[in-house]
Amino acid sequence: MDVTDVASARQRPVGLVELARTPLRRWRAVLASAALVLLGVLGYLFVLPATYTATTAVVVRPVVTDPFSVQSVAADRAVNMTAESGIATSNDVIDRVAAITNRESEDVADALEVETPVGGQVMRFSYAGRSEREAVEGANGAAQAYLELRKVMYENQRAAVLKSYDDTIAVVTAQRATTQRSLPSSQVSSNPSPRTSALLDQLRALNDQLATLAEQRSKVASADLSPGSVTSAARTPVPSSRDAAPLILLAGLLGGLLLGGLVAFLLESWDRRVRTPADAAAVIGAPLLGTVRRKSNGQPDEADLRYLALALARWLDGPQRTPLVVLSSAADEGREQITAGLAAVLAAAGHEVRLGLTPEAVDRIRPLMLDAQRRNPPVEPPRTPVPRPRPAPATTSVPAAAGAGGGPEDTMVIPAVRKPRPFPNTPETNGVYRSTTSEETQQIPRSAPAPGGATEGVELRIGPGKVHVVSLDSPSSPGLTLLDAPPALHDERGVRAAREGRAVLVTARDITRTQQLTELVDRLRAVGVEPFGFVVTGAGRD
């Protein structure tokens, strides 16, 4: 598989099923996120004090001279609701509500909310209190304080306007009186003088001005200063923050699961691991040799190991046998179990396997090999019988029966009976083979790992085959050789051995990180080693 195939394999589409598996694999993160959100919701509902919210609706009326007149413009233009909203949240209103509810002004400002719908003259005062009574008193108190403040403001404005009119009327009246005194006291003739005509014109103008001022003052004085009215006063019962507790809990659960799914995808993108053989094939670019599942005790399945040996049959039975190097990116991917299990399966099939190990790996692989030897006891190969000269049987002279006509020298020869020896390599012989044809003995040692972790020259008999434990750096031989390489990302000995053989990578499902596997494959190709195939370990099925 070339680089183009590898790139196309890495860009394979991801289905909905694979997306759904991500939260399932990260179920701990999902449950933790949901638990945290639910814990916060429970704290909000039962630890924090409940909040009661009361609402009072107020209709704002504009200042008009005729309260029964119909406005020719829109209702929202008759009154500046933006300015009225500012008056409703002013310090005077907040201080009045704070005095009613016995709370601080800052707390009242946070608890009071004024809503002004667009296109209307209705204001809603919402107050969040610590009890129903406080909420009702706060909402109603805010509405009454606003109406009183608005009425006082308009009354002060009307008083100021009326005073201005009164002052103007007083000045005009004084001017009219002065003009009247300037007129001649005699009877005005039909032909008055120019001066008299001017004074008369000025007097008429002052009278008209006084009439206009009086009319305007009367309109101001008759203006309706009613600021509005409360149309819907707050009263108990009022809603609280705990009324919708079941819905809040359900929303918290769904929100926690959603947050957990997001956290799971973030963790998956940050710590991407091999989930399926297709993921490993996309990174390695080599065929899958087999999937080895683990049993409940953590040991690899022997049937899967035998199938793996069948997948390697071409390499095992080929005319040119090169060392098979088992590599992995980390130490917790089951590489040593695969190497030991494969060596045991090959030995049980009758092969003689050279198992190359590092000194530090002997103590870890020794129990695996002894367990394989226990499950597959050594089987002695059949011995080829060698003909040997048989000595003349010993005879015993027995006198002939009387009356047989024989003389005193007449005898009957009876061959001596030889007792059978115990069967070779039985518990009675304790592993010592005693020949049935001579008194010589042959000691056949039971193979066991040498104490102290030595690797050279240790031989294990498993079934009809043998496993020779040698050092990883020992010279190669034409026989069947398995090399268990240390973690290749941190130790180059296995990569160096793979240059003279075939490299088989071991990846563990849900353990091997894709980034580490990619780095390992890049390093192998950089030194001229092309992976021969890969093995997937882990529990479960694809």
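How many bridges join S12 to S13, and do the strands run parallel or antiparallel? Five bridges join S12 to S13, and the two strands run antiparallel. The model is predicted, with local features requiring pLDDT of at least 70 and side-chain atom pairs counted only at pLDDT 80 or more, while totals for chains, interfaces and linings use all residues. Residues are numbered from 1 along each chain as its sequence is written, and side-chain values use heavy atoms, with hydrogens and water left out.

**Overall figures**

The protein has 17 helices and 16 strands; these are DSSP runs numbered from the N terminus, helices being H or I of at least four residues and strands E of at least two. Of the 542 residues, 37% are buried, where buried means under 20% relative accessible area with a 1.4 Å probe, protein chains only. The accessible surface of the protein is about 31,900 Å², and carbon and sulfur atoms account for 56% of that; the areas come from the Shrake-Rupley method with a 1.4 Å probe. Of the contacts between residues at least 6 apart in sequence, 76% join residues at least 24 apart. A contact means heavy atoms within 4.5 Å.

**The sheet**

Eight strands form an open sheet with mixed pairing, in the order S5-S16-S15-S6-S14-S7-S13-S12. Two strands pair if DSSP finds at least two bridges between them. S5 (288-292) and S12 (458-462) are the edge strands, each pairing on one side only. From one strand to the next, the twist averages 25 degrees.

| Strands | Sense | Bridges | A bridge pair |
|---|---|---|---|
| S6 and S14 | parallel | three bridges | Val325 and Leu483 |
| S7 and S13 | parallel | six bridges | Val353 and Val467 |
| S12 and S13 | antiparallel | five bridges | Glu459 and His468 |

S12 and S13 form a hairpin with two residues between the strands, and Gly463 in this hairpin has a positive phi near 65 degrees. Five of the seven residues of S13 are buried, so S13 is largely enclosed by the rest of the structure.

Thr507 belongs to strand S15. With 0% relative accessibility, Thr507 counts as buried. Leaving aside residues up to four places away in sequence, Thr507 touches Ala280, Ile284, Thr512, Leu517, Phe534, Val535, Val536 and Thr537.

**Helices on the sheet**

Helix H14 (residues 335-348) lies across S5, S6, S7, S12, S13, S14, S15 and S16, and runs at about 165 degrees to S14. Such angles are taken from 0 to 180 degrees between N-to-C directions, with axes fitted to C-alpha atoms, for helices over the stretch in contact. Helix H15 (residues 362-375) also packs on the sheet, where H15 touches S7, S12, S13 and S14. The direction of H15 makes about 30 degrees with that of S12.

The axes of H12 (residues 302-311) and H14 come within 9 Å and cross at roughly 75 degrees. H12 contributes Glu302, Leu305, Arg306, Leu308 and Ala309 to the contact, and H14 contributes Ile338, Gly341, Leu342, Val345 and Leu346. These residues divide into seven nonpolar, one polar and two charged. Here Ala, Val, Leu, Ile, Met, Phe, Trp, Tyr, Cys and Pro count as nonpolar, Asp, Glu, Lys and Arg as charged, and the others, Gly among them, as polar.

Definitions and conventions. Buried means under 20% relative accessible area, exposed over 50%, partly exposed in between (1.4 Å probe, protein chains only).
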